[in-house]
Structures are given as C-alpha cells and as structure tokens.
Amino acid sequence: MKFTELKNFIAEGGDGIFLLQGEDDYFLSSGEHMLKAAFLRNPELNFASFDGDSLKGRAIQDLTDALSAYPFMAEKRVVKVSGFYPSESDYEKYLKDFFADFPGTALLIIVNRGGKKGACDLKRKHGVNYVDCGKADEETVTRWIYLTLKRAGVAASAEVCMNIARWCLCSMARVATEVKKIIIYKQGGGTLTEEEAEQLVYKDADYRIYEMTNAVAAGNCSAFYAIADELLSKGTDCMALLNSLFSYLRNLCTICDSDLPDQQLASALGMKEYGVKRSREQARRFGFERAKGLCGEIYSAISSVKCGELTQESAWKLICSRIFFPEG
C-alpha cells in the first residue's frame, strides 16, 4: 500500500507485521508514529526496539521472543526493527513459521530505507503489510497538501497546492514544514491565496535554479537576473551559480539524448524523478545543441576562475552575456 493509505488500513482493523520501506524520511517517521499512536499503550513496558544489523542467524530468536511476550495491561506489544535485511535462509529457518502464526497480541514495525542485495524480499512474504515510503509524485504531494490544509480549516486551490509541491521539489519533509507554517499563519481558517503562498513558502534553491534555467530557455532576461540576484543576496556566490548552471545543463543534455524511463534516468543522474520530468519539458524547449554549447562555455569559464584568469564575478557576467547574446 502507499503511505497515504496507511491511516485507513489501520482504521479498518489492519495490524500484525508492517514493513515501512523507502527513502522518504518523512513517510518513514510518520508511519512509525501513526502505528505507535494507534497500538502502543504503556510504552515503558510494551515497547522494544532492535537494530537489524544485530539480528542474524540464531539472534533473530531475540526478536521473535520479544514479539511473543505478553503485553502488560494493553492489547498489543509493539516491537520496532530498524534496517532489518534477513537472508532467505534465515527467513525460512526463523521467521516463516512465526510470521504465518503471528501472535495477535504483537505488532512488528520494520523500518528499512531501501532494499539490500542478498536479502530476502520481505514485502512479498506472507503476513507482511508493505507500506511504500518512497518519494511521492507531484500529484500525491499536491493532494496531501490540499487535504491537510482542508482538515486544518484552510482552503486552497489545486494550483496553489501544486506550486507548493514544486517549490519544495516534492520533498515531504520540506512540504510538511511549509504546510505547518501556513496553518499557523492562517490561524486555522480562511483561503490561502497565491500571493500568500509566494510570500510564506521558501523556494528550494534547486527549484530556483530550475526557474532560472527556465528563464534562459524562454529568453526571459529580466526573470533570469531577478532570480540570480535573489540567490546571490541570500548567500549563493557566483561560482555556485556557475556550477549549478553547468550541472543543470549537463543533465539536460543527458536527458535530451536518453531513451531511459524517468525513474531509471533519475537514479542514474542522482536526481528526483520529478526533476527529470520537468527537465524533459525544458529540454524540448531548450534544444540539445544549445545546451551542449553553453555547457562547454560554462566549463571553460569555471576553469578560467580556477586558473586565476578570471574572477568569479567576471566569469558570471561573461556567461550571462553568452546566454542572452550568443553572437556578442
């Protein structure tokens, strides 16, 4: 199930073994908190935590023994394991039968940031409720923002919610912080306007770089300089802008020239899938040859700064002129 389905699953009576797996720390921590809030009573007596690295071979019996212990003045005993990657042989020997006849008085929370080579695939094992805690897509994050604001009494249009998701690069940790800020500001009521969202939500520096390069693709000189000046005023130096532009355009060239699906390309480039999707849109407008040419010029300017032939400011001004006046 998706993380967004977990609350309803619990409300409908779901319990037993939960595998929270994925790279989004917000989903992982929130899922654990949700399960504890629903099932854990008297935590000082009914909660135990294990490091998955210590549970190998016969040591796995320490986990099953903890789960078999009867809870004290509560319905459930809750056990959490972090980074638990048993081998297939360990699963067959120590866990398979136990999971098949899992005690009704226990709840197991396994928190894994991802998979591990050589480990069994826990999410496919009998009795395991798998919760996908991977990075959410734009639509999911937008819906989460909309519903969270609505529950707090704040109305917001789908467009405003989508902008917030984009400004935060769909990072749920960032999104949750910004939404909390908005709720406090709106004091639990009213409508969030586009202007208020612009003023309240901090735009991720990577998103501002995206906007800046988008201005390049659109030939919007004034927008480009406005964003660059804002970044510079907030502590970003000229060299950082040059490196960001170079990295962005280099990725743009790769994306232009690749037939890989967005998810695979994001993994190869160390980007978020959302970023790849947006970059594909930009790549079509920008064009491969132009991106490749600017990459070469920016690389040359960066090299000149490192060699002492140009100052950072001179290199930045040179690249800006080449972007908007290529024949100059």
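**Figure 1. The open sheet.** Two strands count as paired if DSSP finds at least two bridges between them. In this predicted model, five strands form an open sheet in the order β2-β3-β4-β1-β5, and their pairing is parallel. From one strand to the next, the twist averages 20°.

**Figure 2. Strands β3 and β4.** The view shows strand β3 (residues 77-82) beside strand β4 (residues 106-112), with the two running parallel. How many bridges join strand β3 to strand β4? There are six bridges between them. Across this pairing, lysine 80 stands opposite isoleucine 109 in β4.

**Figure 3. Phenylalanine 98 and phenylalanine 102.** The structure holds eleven aromatic pairs. One of them joins phenylalanine 98 and phenylalanine 102, with an edge-to-face arrangement. The ring centres lie 5.7 Å apart, and the angle between the planes is 80°. Is phenylalanine 98 buried or exposed? Phenylalanine 98 is buried, because its relative accessible area is 16% and the cut-off for buried is under 20%. Phenylalanine 102 also has a relative accessible area of 16% and is therefore buried.

**Figure 4. Phenylalanine 224 and tyrosine 225.** Phenylalanine 224 and tyrosine 225 form an aromatic pair that is edge-to-face. The distance is 5.4 Å centre to centre, with 85° between the planes. Phenylalanine 224 has a relative accessible area of 0%, so this residue is buried. Tyrosine 225 has a relative accessibility of 32% and therefore counts as partly exposed.

**Figure 5. A charge over a ring.** Lysine 123 is shown with tyrosine 130. The charged end of lysine 123 sits over the ring of tyrosine 130, and its distance from the ring centre is 5.8 Å.

How values were computed: Residues are numbered from 1 along each chain as its sequence is written. This is a predicted model: local features need pLDDT of at least 70, side-chain atom pairs count only at pLDDT 80 or more; totals for chains, interfaces and linings use all residues. Side-chain values use heavy atoms; hydrogens and water are left out. Helices (H or I, at least four residues) and strands (E, at least two) are DSSP runs, numbered from the N terminus. Axes are lines fitted to C-alpha atoms, for helices over the stretch in contact, and angles run from 0 to 180 degrees between N-to-C directions. Rings of Phe, Tyr and Trp (its six-membered ring) pair if their centres lie within 6.5 Å; planes under 30 degrees apart count as stacked, over 60 as edge-to-face and the rest as tilted. Buried means under 20% relative accessible area, exposed over 50%, partly exposed in between (1.4 Å probe, protein chains only). A charge sits over a ring if NZ of Lys or CZ of Arg is within 6 Å of the ring centre and within 35 degrees of the ring normal.
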